[in-house]
Amino acid sequence: MSTDSTVTREVLARWLARQGCRDVRLGELTQPDAGYSGRTVFVAASWAEPGGTARHEELVVRVQSPDQQLFVAPDAVRQAETMRGLAGEPGVPVPRIWFTESDPAVLGAPFYVMGRVRGRVPGDVPSWHVRGWTVELSPGQRTRLHDNGLAALVALHRVDWRRELGFLDPAGTGTALERYLAQLENWYAWCGPSRRFGPEVLAAGLAHVLEHRPDDDGEVVVWGDARPGNICFADDLSVAALFDWETATIGPPGIDLGWWLMFERYLCEAQGKRRLDGVPGRAGTIARYHELGGVKIPDIDYYELLAGVVMTLIASRLADVLVETGRVTPEIAAIYPNRAVGLVGESLARIHAG
């Protein structure tokens, strides 16, 4: 995307006109410093639909990053189609998708336009257990927030994906888990130059998840990045929207619950922090997921290790992106993958001890 916001606004306005919008008016474009696999732009817009209906909307333009990728095959339009497919599903609120564009010639990369959802999102850096609006909540409010997030995950896992989301099903043969693992092997190979942080531990973690895969033929919509930091909460702490569907797929629900558990460890115990009062720990989160209607997952240790392997690959690529773009020094960037691979080692130790 052009750094000249005036030019970009004019380009976006002309593009919206080609989508059938008449009398397009765009406000000032603002761009938060957030996210590493794409660019986000906020803009207030008004237009008239072909039938004459007037629209006044707050929009979010999500542009796929043309380089510095964390994933093998980024696909902004696929993310948008995932949210379109989930629209209207009970208990799974997602932003409205207005338009998509696969041609990189318009803004330099594929992008989509969605409605802006107002609310509050728990922070990652610094951890929401340490600083931010969540610290000001009462323990009971934090319990409600966490329960509402888990309930949305349970609702997601109940969605009949074959109606609108069949394109998420991984290609190949075997169970959905086996196909997911085949993609993980390809991702691991692609990340070769970035695998400098605890490479022996990471290799051992990958070997274990490939050689000890459970007999699990579960097939649900897997969010791929299930965690409080990807949930927008309304003022009453209900879930306003679920964000970030880059790694959505079809597979066993344990992939999501394992990621939720691993990411909370990453934000809390791995940093020497304690969880805020009212937020359950590992065992409590597993129990609450089941109490809220989630299926039993007997192999949760496996799925948590699987999440640790994926997290280390992402964090290793992120470290390179942060250094390449001059955001931080190599020493600071190394903190993230080193923390993640440490959790892989802890998970392996738990499995071997059990």
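Leaving aside its neighbours within four places in sequence, which residues is histidine 290 in contact with? Before the answer, a word on the ground rules. This is a predicted model, where local features need pLDDT of at least 70 and side-chain atom pairs count only at pLDDT 80 or more, while totals for chains, interfaces and linings use all residues. Residues are numbered from 1 along each chain as its sequence is written, and side-chain values use heavy atoms, with hydrogens and water left out.

1. Histidine 290 sits in helix α8 (residues 282-291); helices here are DSSP runs of H or I with at least four residues, strands are runs of E with at least two, and numbering starts at the N terminus. Beyond its sequence neighbours within four places, histidine 290 touches Val295, Lys296 and Ile297, where contact means heavy atoms within 4.5 Å. Histidine 290 counts as buried because its relative accessibility is 17% (buried is under 20% relative accessible area, exposed over 50%, partly exposed in between, with a 1.4 Å probe and protein chains only).

2. Cysteine 232 belongs to strand β7 (residues 231-233) and is buried, at 1% relative accessible area. Setting aside neighbours within four places in sequence, the contacts of cysteine 232 include Arg118, Arg120, Ser238 and Phe243.

3. Helix α3 (residues 139-156) has 18 residues, and its end C-alpha atoms are 26 Å apart, in agreement with the 26 Å that 1.5 Å a residue should give (the expected span is 1.5 Å times one less than the number of residues). Among its buried residues are Arg142, His146 and Asp147. The cover over the buried residues of α3 includes α2 (76-86), β6 (220-222), β7, β8 (239-242), α7 and α8.

4. Helix α7 (residues 254-267) reaches 20 Å between its first and last C-alpha, close to the 20 Å expected. Because 14 of its 14 residues are buried, α7 is largely enclosed by the rest of the structure.

5. Finally, a helix pair: α6 (residues 199-211) and α9 (residues 300-324) pack at about 135°, with axes 9 Å apart. That angle makes α6 oblique to α9 (under 35 degrees is roughly parallel, over 145 roughly antiparallel, 65 to 115 roughly perpendicular, and the rest oblique). Residues making the contact include Leu202 and His208 of α6 and Tyr302 and Thr312 of α9.

Key:
Axes fitted to C-alpha atoms, helices over the stretch in contact; angles between N-to-C directions.
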